[in-house]
Amino acid sequence: MSSPVGANRPWLFGPAVDLLFGCGIGYALLVVVLAALGLGMDRIHGWLPFVILVTGLPHYGATLERVYSTPAARKRYGRYSLLFGLLVWGAFVGTLVSGKGATALVTLYLTWSPWHYAAQNFGLVMMFLRRARAEVSPTFRLLVKSSFVLSFLLVFVNIHRGSSASVNDPLYAAPSARDAVRFAPLGIPDALSNVLVVAFGAAYLVVTIACLVLVFKRTPSGARAPILALLASQSVWFVLPVALGQFVPEWVGPMGPVALAFIWVAIAHSVQYLWISLHFARASGRTDTTYRSIARYFSFAVFAGAALWVFPVLASVKGGLTRMPHESGLDMVVAAAVNLHHFLLDGVIWKLRDAPVREALVDEQTPPANEKSSRVGLSFGRVLLASVGTIAVASWIIAAWEQEVGRRHSVAKGDLARLEMAARRLTMIGRDGPRIHQAIAKIHKNRGEYDAALVRYRRSIELWPTASAWVGIGKIHEVRGQFAEARNAYEAALSVEPNHASALDDLAHVIAAQGDLEGAVRMQRRAIIAAPDRMDLRRRYDALLVKLPIAADDATEEIIVDVYDAGVVDSER
């Protein structure tokens, strides 16, 4: 039987809660606060895992709660969860064992992610329209959906353009610094990308304006606020970053204002998901309005979400599935698997045409008994989830704390003992990686303890070869006058990262020290091409040119002409 809901429409929890957490107003306020504070990502990046612990992780756990918390849900969705789990996690294991496919998996995840966010906003707009008893004709629905599809297409084209490794990338996906796993854009030619962005942008404006006209015509004034806020949020989340990327690219990307980082959109989406999931749980009788009931629901979501993220890492590292460290790409592959499984399940469990969803979100009918979860006693499943979840949450917190305080802060202080402790703790929870060993090596090197530094650099390379570790080894050999060993190290760095500017610069210096000035000039030229904004590299190139013998030597003239033709020599020479 339906309960009277007229007094509650169009709100789920109330105007303030719905607009702040469900419709994106909170995101806008967060951006304003971050912009006013002027904080850099380097100051807050290490603390983001603690924010994600109470937003991102439980948003994944909320999906599992929807699927497994009641007999009716398990019967309706269990087979989908099993099928999708076998598909996604089978692909995850396959990529780790074979060493192939990780880039494709991550690229699929990062491409699908903005559509997942857009689809959630679209679904919420349709929910609020139906709650407002608006006349939603097929044409109206198509217009609303087209607005969200076009905003997604703008992002799709932008991140898959040929030059998407530049700063105009609202997902921060293309210029990934991962050693093993990278986003692989489709490489749409820039000329075509620009045409598509203009076309999709113009179509988006026309369609969205038509949507707004129909919203004002077909909804009462008191029911418009959440719909308008969601349409605005979609524009701010996706359309605005693409526009900024076109006209002021320095504002978008890793070097842009931290307030515009896409991570805040991901966090806003997670909060939005928890908001609608909690309402569904309350409306379907799985929880109630008491703090104890809400805390129980949230605890389940946190524990389940943390287990979903943490245990694949432990199983992969401790179980020998991969030697790829968490920070060198394993984290991205786990993120891809968790999210793809989440996306697939969401496509099944959140459909307004399905009776349980429609009754809970639109009609607010009293749920049947088998839709309610039983809270009597401590079942084996609940005890197991609490135990596993506690371990997972503890591991997540330890990893975040040791990376920020144990590594980053200790590096700033030069606290070697604290760094050593952090390395041991990270190893214990499967988060050992090359970065912390390089940090320890640098402190040893700065103290003149070269043998100890070499041990740590080599340990870093054993975990995962990086150009920076090889450069560190090369510098130690160079200081000792061991130019052959230094050259080998720098060449090893370039085998890992061919355009590593510092390795090219250092190798040029060693080649010059070995008496090959022409070879050094060629190498220095590669360095300034790799990093054209580094004036120090250009000055060292000029110094090498001066040292070349002044003679009618064809090779020497060829080097000089080649460099000038490339247009990379400092114009102030």
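These entries go from the whole chain to single residues.

**Entry 1: the whole protein**

I am working with a predicted model, not an experimental one. I looked up the secondary structure first. The protein has 24 helices and zero strands. Next I checked burial. Of the 573 residues, 50% are buried. The accessible surface comes to about 25900 Å². Carbon and sulfur atoms account for 64% of that surface. I then looked at contacts between residues at least 6 apart in sequence. Among these, 72% join residues at least 24 apart.

**Entry 2: aromatic pairs**

I asked how many aromatic pairs there are. The count comes to 16. One of them is W47 with F50. Their ring centres are 5.8 Å apart and their planes meet at 35°. I noted the exposure of both residues. W47 is partly exposed, at a relative accessible area of 34%. F50 is also partly exposed, at 24%. Together with W401, W47 and F50 form one aromatic cluster.

I then turned to Y273 and W350. Their rings are 6.1 Å apart, centre to centre, with 85° between the planes. This pair is edge-to-face. Where do the two residues sit? Y273 is in helix α11, residues 263-283. W350 is in the loop between α13 (330-349) and α14 (355-363). The pair therefore ties together parts that are 77 residues apart in sequence. Is Y273 buried or exposed? Y273 is buried, with a relative accessible area of 1%.

**Entry 3: an arginine over two rings**

I followed W350 to R66. R66 lies over the face of W350, at 4.6 Å from the ring centre. R66 also lies over the face of F280, at 4.0 Å from that ring centre.

**Entry 4: T111**

T111 is in helix α7, residues 102-131. Its relative accessible area is 13%, so T111 is buried, the cut-off being under 20%. What does T111 touch, leaving out residues up to four places away in sequence? I listed F152, F156, I159, H160 and F183. I checked the spacing for I159. T111 and I159 are 48 residues apart in sequence, yet 8.2 Å apart in space, C-alpha to C-alpha. One of its polar atoms lies 2.7 Å from the backbone oxygen of T107.

Terms used: Residues are numbered from 1 along each chain as its sequence is written. This is a predicted model: local features need pLDDT of at least 70, side-chain atom pairs count only at pLDDT 80 or more; totals for chains, interfaces and linings use all residues. Side-chain values use heavy atoms; hydrogens and water are left out. Rings of Phe, Tyr and Trp (its six-membered ring) pair if their centres lie within 6.5 Å; planes under 30 degrees apart count as stacked, over 60 as edge-to-face and the rest as tilted. Buried means under 20% relative accessible area, exposed over 50%, partly exposed in between (1.4 Å probe, protein chains only). Helices (H or I, at least four residues) and strands (E, at least two) are DSSP runs, numbered from the N terminus. A charge sits over a ring if NZ of Lys or CZ of Arg is within 6 Å of the ring centre and within 35 degrees of the ring normal. Contact means heavy atoms within 4.5 Å. Accessible areas come from the Shrake-Rupley method with a 1.4 Å probe; for residues, only the protein chains shown count as cover. A polar contact is a pair of N or O atoms within 3.5 Å; within protein, one must be able to donate a hydrogen and the other to accept it, and residues adjacent in sequence count only if both atoms are side-chain atoms.
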